[in-house]
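Let's take a friendly walk through one protein model together. Have the sequence and the 3D view ready, and follow along as we go.

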Amino acid sequence: MRHIRAIGFDLFNTLIFSEGGGLDEAVRRLVSSLESNGFSLDHDTFKQAYHKAAIHFIEQTRKDWRETHNRYWISAALKTLGYEVPPEDPGIARAVESYFSAFLDYCHLIPGTIEMLSTVRGDYRLGLLSNFTDAPAALRLIDHLGISHFFDVVLISGELGYRKPHPLVFRRLIEELRVEKDRLIFIGDDLESDIRGAQEAGLIPVWMTYVHHKNIPFASGEPEEQFKGLAESVSKISTWPDLISLLDNHRASAETSIP
Ligand SMILES: [Mg+2]
């Protein structure tokens, strides 16, 4: 067993969570922004069209893990309502910004996150690797929550062009943290994107189950059948003190193992 040199973190449902109503409020702000740009929209009709478009584009990403962006979903939703607006339209950019502004008001840190990051940052290089379609919004959010300065590396799928579990994004994390992959722990809540992705890329996956134990909205429930074996085989933590214990145990094992 080798010493751990770096820790990578997922963002949503690992370091932060959204309180209930966050996505509804985001869509409400999105619709208001479009209305102020001259579109006449029925809120519920637009919301349905937007959700349908979002599901379609997100399903597309599963083919090759290329990242999508909300501007395509908005443009597609408007098209079904009779408006031809290209995804690059400045009105759509403003609507996207309004949508993500709700995240600043509804997202919170998981308890103990600042204390945990303060504890580990002296001993490990720290990276953030998030599946987030809009990189500027992701950066604003982590700034707002007061955690951006803890990370040596921040990688957002919206900027990379690919999402976890694509191996390319984990390779970027390894390269930018400048560590060997078997000395890099990756912590996340999603068994497919974070845990299987990290394992296949040669990192050490750690499954963060905090949100699974609380009634957090949008958290996935019990592992799907195809991920049950994986869920049982990897290290699990449900609080940040669990992570500190895991790192202490790992350090003790690495020190006693024969080189
Ligand atoms: Mg997550």
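A residue is called buried if 20 or more other C-beta atoms lie within 10 Å of its own, exposed if 12 or fewer, and partly exposed in between. Keep in mind that this is a predicted model.

**A strand on the inside**

With that cut-off in hand, look at strand β6 (residues 184-188). Both of its faces are covered: L184, F186 and G188 are buried on one side, and I185 and I187 are buried on the other. Since 5 of the 5 residues of β6 are buried, the strand is largely enclosed by the rest of the structure.

Which strands pair with β6? Strand β1 (residues 6-9) runs parallel to β6, and so does strand β7 (residues 204-208). The table shows both pairings.

| Strand paired with β6 | Bridges | Direction | Example of a facing pair |
|---|---|---|---|
| β1 (residues 6-9) | 4 bridges | parallel | F9 opposite I187 |
| β7 (residues 204-208) | 4 bridges | parallel | W207 with G188 |

To get from β6 to β7, the chain passes through helix α9 (residues 191-200), making a right-handed β-α-β crossover.

**The core around it**

In soluble globular proteins, nonpolar side chains tend to be buried together. Here the largest nonpolar core has 63 residues, and A77, L155, L184, I185 and F186 have the most contacts inside it. Helix α4 (residues 90-106) gives the largest share, 7 residues. Domain 1 (6-19 + 108-256) and domain 2 (22-105) both contribute residues, so this core lies between them.

Let's zoom in on F186. Setting aside neighbours within four places in sequence, F186 is in contact with G8, D194, A198, L203, I204, P205 and V206.

**A helix with a buried side**

Helix α8 (residues 167-177) has the buried residues V169, F170, L173, I174 and L177. Why do they share a side of α8? They cover an arc of only 145° around the axis, which puts them on the same side of the helix. Among the elements covering these residues are β1, β6 and α9.

**Where the chain's ends meet up**

Finally, find A254 in helix α12 (residues 240-256). Is A254 buried or partly exposed? It has 14 C-beta neighbours inside 10 Å, so A254 counts as partly exposed. The C-alpha atoms of A254 and H3 are separated by 5.6 Å, although these residues are 251 residues apart along the chain. Not counting residues up to four places away in sequence, A254 touches M1, R2 and H3.

Technical notes:
Residues numbered from 1 in each chain as written. Predicted model: local features only at pLDDT ≥ 70, side-chain atom pairs only at ≥ 80, totals over all residues. Core = buried A, V, L, I, M, F, W, Y, C linked by C-beta atoms within 7 Å. Helix = DSSP H or I, 4+ residues; strand = E, 2+ residues; numbered from the N terminus. Domains from an automatic or database assignment. Contact = placed C-beta atoms within 7 Å. Pairing = 2+ DSSP bridges. Right-handed = clockwise from strand over helix to strand, strands pointing away. Arc of directions from axis to C-beta.
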